[in-house]
Amino acid sequence: MRVDLQNHSKLCRLAQILLLLGFWQAGEAIVRLTHLPIPGAIAGMLLVLALFASGRVSLTSMKRGAEWFLAEMLLFFVPAVLALLDHGEFIGIVGLKILAVIFAGTVIVMGVTAIAIDIGFRLMMRQGASSHAHS
């Protein structure tokens with residue numbers, strides 16, 4: 001069975017958002033039941049990735065919902081900004097240290113992601129070249 005919400009006119013962005021939230025909750029349940037040492041949201045993303053890879057869920061079935069989450073991402077940061085205002089100590093030297101750690105972590109994650117994508121691309125190109133050589 002293949003899930004493709006994009007082709008049904010009655011199912012809209014709200015259904016896609018609810019589907020994404022459902023995968024998040026499924027990930028939370030998996031982590032709680034199996035006692036995995038990872039956040040439930042990560043388990044939910046891995047579940048979605050597995051469904052994408054297997055072809056059971058198409059990218060278009062979640063595209064509009066994911067675009068909404070990305071467009072409204074700023075709303076998810078409002079509580080963090082309000083917490084910052086409640087804790088003035090984060091504005092001084094402690095805040096600078098935290099910003100340095102966040103910046104360094106972001107640079108490291110971006111670098112590792114770029115390397116992983118580069119390796120994956122090279123493997124795809126090598127695999128593509130070898131399949132063309134055999135045909």
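Q: Let's begin with the overall build. How many helices and strands are there in the protein?

A: Happy to start there, and do keep in mind that the model is predicted. The protein has five helices and zero strands. Read from the N terminus on, its elements run α-α-α-α-α.

Q: What share of the residues of the protein count as buried?

A: Of its 135 residues, 13% count as buried. The accessible surface comes to about 10600 Å², and carbon and sulfur atoms hold 74% of that area.

Q: Which contacts in the protein join residues at least 24 apart?

A: Begin with the contacts between residues at least 6 apart in sequence. Among these, 57% join residues at least 24 apart.

Q: Now for a pair of helices. At what angle do the axes of α1 and α2 cross?

A: Helix α1 spans residues 13-34 and helix α2 spans residues 40-54. Their axes cross at roughly 115° and come within 7 Å. The crossing is right-handed.

Q: Which residues make the contact?

A: On the α1 side you will find F23, W24, A26, G27, E28, I30 and V31. On the α2 side, the contact is made by G40, A41, A43, G44, L47, V48 and L51. By class, the residues of this contact divide into ten nonpolar, three polar and one charged.

Q: Where is the place of H35, and what is its phi?

A: Here is the general idea: most residues other than glycine have a negative phi. H35 is not a glycine, yet its phi is positive, about 60°. You can look for H35 in the loop between α1 and α2.

Q: Is H35 buried or exposed?

A: H35 has a relative accessible area of 67%. Exposed means over 50%, so H35 is exposed.

Q: Next, aromatic rings. How many aromatic pairs does the count come to?

A: In general, a pair of aromatic rings is described by the distance of the centres and the angle of the planes. In this model the count comes to one aromatic pair. It is formed by W68 and F69, whose ring centres are 5.1 Å apart.

Q: Why is the pair of W68 and F69 edge-to-face?

A: The ring planes stand at 70°. An angle over 60 degrees counts as edge-to-face, so that is the name for this pair.

Q: What are the relative accessibility values of W68 and F69?

A: W68 has 30%, and F69 has 22%.

How values were computed: Residues numbered from 1 in each chain as written. Predicted model: local features only at pLDDT ≥ 70, side-chain atom pairs only at ≥ 80, totals over all residues. Heavy atoms only, no water. Phe/Tyr/Trp six-rings, centres within 6.5 Å; stacked < 30°, edge-to-face > 60°. Buried < 20%, exposed > 50% of the residue type's maximum accessible area, 1.4 Å probe, protein only. Axes fitted to C-alpha atoms, helices over the stretch in contact; angles between N-to-C directions. Helix = DSSP H or I, 4+ residues; strand = E, 2+ residues; numbered from the N terminus. Left-handed = near helix turned anticlockwise from the far one by under 90°. Contact = heavy atoms within 4.5 Å. Nonpolar A, V, L, I, M, F, W, Y, C, P; charged D, E, K, R; others polar. Areas by Shrake-Rupley, 256 points an atom, 1.4 Å probe, with all protein chains shown as cover.
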